[in-house]
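Subject: Structure handover

Hi,

Here is the structure I promised to pass on. Please have it open as you read, and my notes follow below.

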Amino acid sequence: VHCTCTVRDSSAATACVVCTHNRSRAMRWFLAVLWAVSLQSIGLCLKPSRVGQLAPTGAPGSVSGLVFLLNHTAIYIRDFSFTLAGTDGVFCAGGSATDTFTVSSSPSSFSSGHSSPDVELALPDGTTVAELAWFGVCNSSQVTSVLASVVILPQVVSNVPCETTFIGELPAGSNGLAGRVYLLNRITFAVVGFSYDGQADDAFFWVGAGDTPSISGYPCTYGDGIVTRLPALEDQDVVVNITPNGQGTEVTYFAIWCRSNNINLGHIPVPQGLIPTPPPPTTTAPMVHLGTFVNGAHNVRGEVFALADRTLMLTGFYYDGTAPGAHFYAVRGSSVFSSPAWIIPDETGS
């Protein structure tokens, strides 16, 4: 991401900061807590959102199943059972008590005695779970006759899994590797259920370009947001970020790499083009490098350049977007609490 910020005051600004913090021990503790919360959020982000049990309108137990939201357009039912005699059923949903439509399944309808341990359903094109008030089973010959249903509450919809891309499973090897790797954005991976025995003395999460990992790749941050050797871990959910020097480069593999011995402990390919390379800056003005944001609060990072007396440019910029009221901010003086200070708009004016 390349963004610019323009200083409204004609005086020269000596800092352009976002949620600026110092590196005191207290702030490092805060960052560790913040990272732990982020880890928990990622774990929740990848899990289906539980809606509840189907409740039959007739005989108890005639229709049963535990309903989940898989994503914004898909529903999952665990241990589905339909035992209502003399009636065929179809899956259905609606945005209100009087609004009913069918949800396609295979088979398209089912009779008494039908059961399935796993049912995954796609909503009709253009429909999302946010539009639904309920989900259920209806009479196939009279869709407005609801045989069982469960209410979809707004807070359940708000917990729908985030948009992720599943990359693959880490290969099982001699170092006890295991884990499912997801891409969350162009610089962030999540490894769910990660295990590693810690026996390699210089192992890192590692990304780079090529068919197989090599020393030309880049180590990644994890845990408290710093590059560190991997200890033994068992069935942990881990957030992994590409470091600033690796951002903007081509990434075609995700690996566990022993740097001191140049050994690939295990990797999976990342489809080419899945992580877009940001375009180069369009400006032709001479640039002066002012400094670097490195793993700040809310994982703020990027390179800061002066393009002109009143214009700054940030390259490789990242911010998680969760801090309330965050702005680009500039001050005159050596401290971020100096006065005067200015909020600096980006190129969109916000």
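First, a term for what comes next: a polar contact is a pair of N or O atoms within 3.5 Å, where within protein one must be able to donate a hydrogen and the other to accept it, and residues adjacent in sequence count only if both atoms are side-chain atoms. Such a contact is found at Ser62, whose side chain reaches the backbone oxygen of Ala59 at 2.7 Å.

Some housekeeping: this is a predicted model, in which local features need pLDDT of at least 70 and side-chain atom pairs count only at pLDDT 80 or more, while totals for chains, interfaces and linings use all residues. Residues are numbered from 1 along each chain as its sequence is written, and side-chain values use heavy atoms, with hydrogens and water left out.

Back to Ser62, then. This residue sits in the loop between β4 and β5 (63-71); strands here are DSSP runs of E, at least two residues long, numbered from the N terminus. Ser62 is buried, at a relative accessible area of 5% (buried means under 20%, with a 1.4 Å probe and protein chains only). Setting aside neighbours within four places in sequence, Ser62 is in contact with Pro56, Ser81, Phe82, Thr83 and Leu84, contact being heavy atoms within 4.5 Å.

Next, the aromatic rings. Rings of Phe, Tyr and Trp (its six-membered ring) pair if their centres lie within 6.5 Å, and planes under 30 degrees apart count as stacked, over 60 as edge-to-face and the rest as tilted. By this rule there are twelve aromatic pairs. In one of them, the ring centres of Phe80 and Phe110 are 5.3 Å apart with planes at 75°, so the pair is edge-to-face. Phe80 belongs to strand β6 (residues 74-82) and Phe110 to the loop between β8 and β9 (114-122), so this pair ties together parts 30 residues apart in sequence. Both Phe80 and Phe110 are buried. Phe82 and Phe110 also pair edge-to-face, because their centres are 5.2 Å apart and their planes at 70°. Ring pairs link Phe80, Phe82, Phe91, Phe110 and Phe135 into a cluster.

Finally, the sheet. Five strands form an open sheet in the order β4-β11-β10-β7-β8, with antiparallel pairing; two strands pair if DSSP finds at least two bridges between them. At its edges are β4 (55-56) and β8 (99-102), each pairing on one side only. Strands β10 (residues 134-139) and β11 (residues 142-151) run antiparallel and are joined by six bridges. Asn139 has Gln142 in β11 as its bridge partner.

Best wishes

Key. Helix = DSSP H or I, 4+ residues; strand = E, 2+ residues; numbered from the N terminus. Buried < 20%, exposed > 50% of the residue type's maximum accessible area, 1.4 Å probe, protein only.
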